[in-house]
Amino acid sequence: MSEIFLRCKYIISGEKCNKIIKDGSILIEDNKIIAVGKYEKVKTLLSGHDQINRLQHVAIPSLVNSHTHLPETLLRGICDNQKLKNWLYDFIWPFEAKLSKTDAYFGALLGCLELIESGISGFIDQYFYASSIENAVEEAGIRALICPSVFDNTPESGDLDKTWKSVQKFLLSKRNSKNGLIKYGIGPHAPYTVPKEYLLNIIDFASRYSLPVHIHLSETLHEVKESLIKYDLSPIEYIHKIGLTDLKILGAHCVHTNEKDCKIMQTTDFTVLHNPQSNLKMASGIAPIHKYAKTGIKIALGTDGSASNNDLGILEEMNIAAVLQKYLANDPTVMNNAYTLSLGTISGMRTLGVDTVGLSEGSPADITILSLENSHSWPQNNPLSNIIYSSSSSDTSDLIVNGKFVYLNKKHQTLDKHKILDKCSSISQSILSEMGK
Ligand SMILES: [Zn+2]
């Protein structure tokens, strides 16, 4: 049995991330938290556990990135200031057309390095080369919900029919993941890129195997207008009409929605994956999540891929999500700190399909530890405020996933950082030179 006894200056506990324990401890046995409380009380339960002291640190439920395309790390910085069409046609798709399975594996490893260094224990992905991502995630020892893309524009198989067949084959072979940390879903890219007949096939397949569906929805006004012209329905009304919302839906973006959309999101098993920074950078708009939250619509936070954000950090995303909603609502009282933290942590973990009540007894031991020693976290008048508004991903000192340290005192425990960085630089440079960029 593996055991960890952790002592921290602060612990953010409770299902709503609203309990602050000063001079607290967490006791972990195997992959579960078995006690959380004041140090003096928890230490009475000790029986030979090694004590790990983080006395100028705060422990929070681990962060989760609920929408990304992990191997896009290789495309980081290749195109920042273009309209969506040029961005896709002149940069992203030509680059992705040259990606091999091995390139995608190294891109995913780079993504795992960054997630770990940012205190993120799991992510929800939609990309091609799913087996490359899976191999990288297994090496990293973190969690993932891998949703292979169903899309005609993938270098893996070239056309939609071949892609759909290979996605089914992959998913049928993966119904039991090796370490239990990886789960699977299906990732139809969007209603405007995947024809109805394939969406109907996906409904049939996903309901047979109880798989969640990870799909981009209502990201831009243009997309919504096109859908209204074509079907006289918004993208969300359209997927509801054809029956996709009978399944568990992980809907990325949901920026431009109407009242009927909100009713659908509220009354079905639907989670909005909110990516505020990517939506701002692509000038798509701001999803009104404070309104969604009021009606009980589930929300989790993501970054989108590294080509449109350009990092994978969730702490930064929480800050932007909070200030944007205040601006949108014209009301600084919306998005209190504990709620904002829960969106980037407990909500994400539940969206991944993991049952948790945060840093409380009985939860899986997924814990992010942030240093409070940097000047931007000083003085420590209010640890919750410091986490949301003045910390950064690089404050992460340790990350525990399912009871194991994957990052200990800023040292990777599972991955060879320098080898991965070197390899990814050379892959990226060689594709760019082939493209003449
Ligand atoms: Zn996306």
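A crossing of two helices is called left-handed if the near helix is turned anticlockwise from the far one by less than a right angle, and right-handed if clockwise. With that in hand, hello everyone, and let's begin with a pair of helices.

Before that, two housekeeping points. What we have is a predicted model, where local features need pLDDT of at least 70, side-chain atom pairs count only at pLDDT 80 or more, and totals for chains, interfaces and linings use all residues. Residues are numbered from 1 along each chain as its sequence is written.

So, the helices. α3 passes α4 in a right-handed crossing. Helices here are DSSP runs of H or I with at least four residues, strands are runs of E with at least two, and both are numbered from the N terminus. Two packed helices are described by the angle between their axes and the distance between the axes. For α3 (residues 101-117) and α4 (residues 130-140), the axes come within 8 Å and cross at roughly 35°. Those axes are lines fitted to C-alpha atoms, for helices over the stretch in contact, with angles from 0 to 180 degrees between N-to-C directions.

Which residues meet there? From α3 come K101, A104, Y105, A108, L109, C112 and I116, and from α4 come S132, I133, N135, A136, V137 and A140. Contact means that the C-beta atoms of two residues, placed from the backbone, lie within 7 Å. This contact divides into ten nonpolar, two polar and one charged residue. Nonpolar covers Ala, Val, Leu, Ile, Met, Phe, Trp, Tyr, Cys and Pro, charged covers Asp, Glu, Lys and Arg, and the others, Gly among them, are polar.

On to a sheet. Four strands form an open, parallel sheet in the order β10-β11-β12-β13. Its edge strands, β10 (213-217) and β13 (298-301), each pair on one side only. Two strands count as paired if DSSP finds at least two bridges between them. Neighbouring strands are turned by 30° against each other on average, direction ignored. Inside the sheet, four bridges join β11 (residues 249-253) to β12 (residues 270-274), and A252 has L273 as its bridge partner in β12.

Now let's zoom out. The domain assignment, which is automatic or from a database, gives domain 1 (3-61 + 356-412) and domain 2 (63-312). Their C-alpha centres lie 31 Å apart. Twelve residues of domain 1 are in contact with eleven of domain 2. On the domain 1 side, β14, β15 and β16 are the elements giving two or more residues. That side divides into five nonpolar, five polar and two charged residues.

Most residues other than glycine have a negative phi, and most peptide bonds are trans. Here, a cis bond joins N309 and N310, with omega about 15°, and N310 lies in the loop between β13 and α12 (314-329). Another cis bond joins W378 and P379, with omega about -5°; P379 is in the loop between β14 (367-371) and α15 (383-390).

For positive phi, look at N402, near 50°, in the loop between β15 (396-401) and β16 (404-408). K410 has a phi of about 70° and lies in the loop between β16 and β17 (411-412).

Are these two buried or exposed? N402 counts as buried because it has 22 C-beta neighbours inside 10 Å, while K410, with 11, counts as exposed. The cut-offs are 20 or more other C-beta atoms within 10 Å for buried, 12 or fewer for exposed, and partly exposed in between, with C-beta atoms placed from the backbone.
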